[in-house]
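Biologist: Please walk me through this one in plain words. Start with whatever term I'll need for the charged pairs.

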Amino acid sequence: MNNQVPPRIASILINALKGGVVPRVGLEYVTVGRAQEIAAILHDIDLVADGGASFRFVVGKYGSGKSFLLQTIRNYATAKGFAVVDADLSPERRFAGTKGQGLATYKELLQNLSTKSKPDGGALPLILEKWISAIQSTVKSQSDAEGDEFDKLVEKQIYAAAASLEGMVNGFEFAKAIVTYWQAYKEDDSAKKSNVLRWFRGEYVTRRDAKADIGINFIVTDDNWYDFLKIMAAFLVSTGYKGLLVLIDELVNIFKIPNSITRANNYEKILTLYNDVLQGKAKHIGFLMGGTPQCIEDRYKGVYSYEALRSRLAEGHFATDDLKDLSAPIIKLQMLTQEEMYVLVEKLRDIHAHLYNYTPTLKHEDLLYFLTVEYNRVGAETHITPREIIRDFIELTGIIHQNPEKSVEDILGSNSFEMAKGGLSDEDIHADFVEFEI
């Protein structure tokens, strides 16, 4: 499979992973482990496609693969016909705030709206254009009408779709924006189309400006942005998508808020989303939120500091690290096993060789040597993460390729192996990793 990685994708993978960030494409070539977690989340996605809703926290230490898992799910969902929005929280982007931080999160989500045909974000214009074209094709197949008569039939379908949204909170304004976009499309008014898109993306600051530009005396705000996400999900389903998946990472930025009242307001917003999902008020929408164990479980500043959330999310008495309940709202990621890390570095070795057009020189024993040294660093048992191992390995692979006269022992140190393993023989080391044999 690795030999089939397109060079562009291989370059993105290697460069992103070497820089310690998660690539947005090509993850299927390097995904290992996480089978149970992925299966649980894909079950959620099936529920969303059937008209339900889902809400999960994905929790793991820094570098444990939270963001990697979220992006893997993102790519799967778009391939299966979902629209996906994603955002990383920051001091400027939260769920709520006194300086428009909630609206800033909404803007980031809509900016990153992705679909199968537009995987890198910015898909809203394409979605609207394709939807209108599909309605035109349907009308054309059902009628011989032309000119104004044809436009009226198309407009009737547009209005019918818009009317289906009017029963939702703020749905009337949303429907009006859809109709306004259609009128601008019909008149080839690019300026008005752009203004409607600005309105959808929450970029208008005042109602007066929105009223002057597109005739809608209403805007997305810090208070109502979640309602607009729900309407967007309903609209996307009406245009042929399976639903809307919302990915929000870096929950630690809520944990870091110094003001307890502001933190509580953010946790209250999370509670609103969570309750909507559990009570069946949200449809065709799924939420995945990534955070560290501390930002969830800390009783003073974390999610668990908000009693209403803690009582809903805390584990029962029977779940352990070995006995996980993957139907629970919190999915805890364990570190990849050494066996899984071996498979991963082997994949990365082959992708690197394919990208730079050479035959891999790192052998089975070299990979074992590298992993043994990595896992036996001081403090590795509790502190080493897949991110660090991946970064070190890509660096090692690059050095070996550029300095073919050097061996892995030359670079890692000829004594590292014996020192790390206490002088174990080569046979012992192979026994330690016997499960890796191919």
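Modeller: A salt bridge here is a side-chain nitrogen of Lys or Arg within 4 Å of a carboxyl oxygen of Asp or Glu. Arg-349 and Asp-350 make one, and their closest N and O atoms are 3.0 Å apart.

Biologist: Is Arg-349 buried or exposed?

Modeller: Arg-349 counts as buried, at 13% relative accessibility. Buried means under 20% relative accessible area, exposed means over 50%, and partly exposed is in between (1.4 Å probe, protein chains only).

Biologist: What is the mean pLDDT of the chain?

Modeller: The mean is 86, and 89% of the residues reach 70 or more.

Biologist: And where is confidence lowest, and where is it highest?

Modeller: Helix α21 (residues 426–432) is lowest, with a mean of 41, and α4 is highest, at 97. Over residues 415–438 the pLDDT is below 50, and this stretch has 29 contacts in the model beyond near neighbours in sequence. Contact means heavy atoms within 4.5 Å. Where pLDDT is low, the predicted coordinates should not be read in detail.

Biologist: Noted. How many helices and strands are there?

Modeller: The chain has 21 helices and five strands. These are DSSP runs, numbered from the N terminus: helices are H or I with at least four residues, strands are E with at least two.

Biologist: In what order do the five strands sit in the sheet?

Modeller: They go β2-β3-β4-β1-β5, in an open sheet with parallel pairing. Two strands pair if DSSP finds at least two bridges between them. At the edges are β2 (83–88) and β5 (330–332), each pairing on one side only. From one strand to the next, the twist averages 20°.

Biologist: How many bridges do β1 and β4 have?

Modeller: Seven, with β1 covering residues 53–59 and β4 covering residues 285–291. Ala-53, for one, has Ile-285 in β4 as its bridge partner. Over at β2 and β3, there are six bridges, again in the parallel sense. There, Val-84 is partnered by Leu-245 in β3.

Biologist: Why is β2 largely enclosed?

Modeller: Five of its six residues are buried, so β2 is largely enclosed by the rest of the structure. Helix α4 (residues 101–111) lies across β2 and β3, at about 135° to β2. Helix α2 (residues 35–49) lies across β1, β3 (244–249), β4 and β5, at about 160° to β1. For those angles, axes are lines fitted to C-alpha atoms, for helices over the stretch in contact, and the angle between N-to-C directions runs from 0 to 180 degrees.

Biologist: Back to the charges: how many salt bridges does the structure hold?

Modeller: Eleven. Arg-74 with Asp-86 is one of them, with the closest N and O atoms 3.6 Å apart. Arg-74 is in helix α3 (residues 66–79) and Asp-86 is in strand β2, so the pair ties together parts that are twelve residues apart in sequence. Arg-74 is buried at 2% relative accessibility, and Asp-86 is buried too, at 6%. Arg-24, Arg-74 and Asp-86 are linked in a network of salt bridges.

Biologist: What about Arg-201, which residue does that pair with?

Modeller: Glu-203, with the closest N and O atoms 3.0 Å apart. Arg-201 counts as buried at 18%, whereas Glu-203 is partly exposed at 29%. Between the two in numbering is Gly-202, which takes a positive phi of about 75° just after α8.

Biologist: Which residues of α8 are buried?

Modeller: In α8 (residues 190–200) they are Lys-193, Asn-195, Val-196, Leu-197, Trp-199 and Phe-200. Their cover includes α4, α5 (124–142), α7 (171–186), α9 (207–214) and α10 (225–238).

Biologist: Last one: where does Tyr-306 lie?

Modeller: In the loop between α13 (293–297) and α14 (307–313). Leaving aside residues up to four places away in sequence, Tyr-306 touches Ala-264, Tyr-267, Glu-268 and Leu-271. Tyr-306 and Leu-271 are 35 residues apart in sequence and 9.2 Å apart in space, C-alpha to C-alpha.

How values were computed:
Residues are numbered from 1 along each chain as its sequence is written. This is a predicted model: local features need pLDDT of at least 70, side-chain atom pairs count only at pLDDT 80 or more; totals for chains, interfaces and linings use all residues. Side-chain values use heavy atoms; hydrogens and water are left out. pLDDT is the predictor's confidence in each residue, from 0 to 100.
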